[in-house]
Amino acid sequence: MASSSVLLAFAITTVVFVALPGPSVLFTISRALTVGRRDALVTVWGNATGVYAQVVAAAFGVGAVVERSAQALAVIKLVGAAYLIYLGIRAVRRRRDLAEAFQAQVTPKPAGRVLLDGFVVGLTNPKSIVFFTVALPQFVSRSNGQVPAQMLILGALFPVVALVSDTGWALAASTARAWFARSPRRLELVGGAGGLVMIGLGASLAVTGRKD
């Protein structure tokens, strides 16, 4: 299993990835601003469940490939890092989307449907897909074997952190609805900042990582 220093580095990377405003965070904020706190919190639980489904898929898909080939890990890392930079650029260009979502009229849905919506967003979130296919394999040791199992264990930290972080975003956004309403530009800044951080993370991933 990974050393304590590797675990600490992975925890820090996870917190940064989760906290930056990506699709899940922006969707949660949108729910909080347009519908309210209850739907936003239910969305958070659905999202965390969808994200762990990504962990399982990555562990038995990417994990099995990485276990057999260090070269495959290098290719996956570079492609994923490039895609993360692309997502960051797109987030900056589309930073007005959150402000526009706040102006939309949204009809409240049953809790089960809200949970399902959150699950789908978490399951299809490209930011976390990149994390599990590019960043997560950097923290497992091929020499220790059982790479898929290592990824399942390490990856479980991501939805836990996401649950805590997204809950904070949901509570903050629902509490600050009036403050955001007075200036749509504040919402643009949230989306734009998230995009810039994603670009930086993509560039960092491209030049760092484990070699074993």
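Start by selecting Val16: with a relative accessible area of 34%, Val16 is partly exposed. Here buried means under 20% relative accessible area, exposed means over 50%, and partly exposed is in between, using a 1.4 Å probe and protein chains only. Val16 sits in helix 1. Helices are DSSP runs of H or I with at least four residues, strands are runs of E with at least two, and both are numbered from the N terminus.

A quick word on what you're looking at. This is a predicted model, so local features need pLDDT of at least 70 and side-chain atom pairs count only at pLDDT 80 or more, while totals for chains, interfaces and linings use all residues. Residues are numbered from 1 along each chain as its sequence is written, and side-chain values use heavy atoms, with hydrogens and water left out.

**Stop 1**

The areas come from the Shrake-Rupley method with a 1.4 Å probe, and for residues only the protein chains shown count as cover.

**Stop 1: zoom out**

Show the whole chain as a cartoon. How many helices and strands does the chain have? There are 12 helices and 0 strands. Now switch to a surface view: the accessible surface comes to about 9800 Å², and 68% of it belongs to carbon and sulfur atoms. Of the 212 residues, 47% count as buried.

Among contacts with a separation of 6 or more, 88% are between residues 24 or more positions apart.

**Stop 3**

Go back to helix 1, residues 4-19, and pick Thr14. Is Thr14 buried or exposed? Its relative accessible area is 0%, so Thr14 is buried. Leaving aside residues up to four places away in sequence, Thr14 touches Phe131, Leu157, Phe158 and Val161.

Next, jump to Ser128 in helix 8, residues 126-135. Ser128 counts as buried because its relative accessibility is 1%. With residues up to four places away set aside again, the neighbours that Ser128 touches are Val51, Gln54, Gly122 and Phe158.

**Stop 2: the phenylalanines**

Select Phe10, Phe17, Phe131, Phe132, Phe139 and Phe158, and you have one aromatic cluster. Rings of Phe, Tyr and Trp (its six-membered ring) pair if their centres lie within 6.5 Å; planes under 30 degrees apart count as stacked, over 60 as edge-to-face, and the rest as tilted. By this rule, the count is 6 aromatic pairs. One of them joins Phe10 and Phe139, edge-to-face, at 5.2 Å centre to centre and with 65 degrees between the planes. That pair links distant parts of the chain: Phe10 is in helix 1, Phe139 is in the loop between helix 8 and helix 9 (147-155), and the two are 129 residues apart. Phe10 counts as buried at 1% relative accessibility, and Phe139 does too at 14%.

**Stop 3: helix 2**

Select residues 23-34, the 12 residues of helix 2. From first C-alpha to last, helix 2 reaches 16 Å, close to the 16 Å expected; that expected span is 1.5 Å times one less than the number of residues. Helix 2 is mostly covered, with 9 of its 12 residues buried, including Val25, Ile29 and Leu33. Just after helix 2, click on Gly36, which takes a positive phi of about 135 degrees.

**Stop 4: the salt bridges**

Finally, look for charged pairs. A salt bridge is a side-chain nitrogen of Lys or Arg within 4 Å of a carboxyl oxygen of Asp or Glu, and the whole structure holds 2 of them. Pick Arg38 and Asp39, whose side chains meet at 2.3 Å, N to O. Asp39 is buried at 5% relative accessibility, whereas Arg38 is partly exposed at 45%.

The other stop is Arg113 with Asp117, at 3.2 Å, N to O. Both lie in helix 7 (residues 111-124), 4 residues apart, about one turn of the helix. An α-helix has 3.6 residues a turn, so residues three or four places apart point the same way. Arg113 is partly exposed at 44%, and Asp117 is buried at 17%.

Conventions. Contact means heavy atoms within 4.5 Å.
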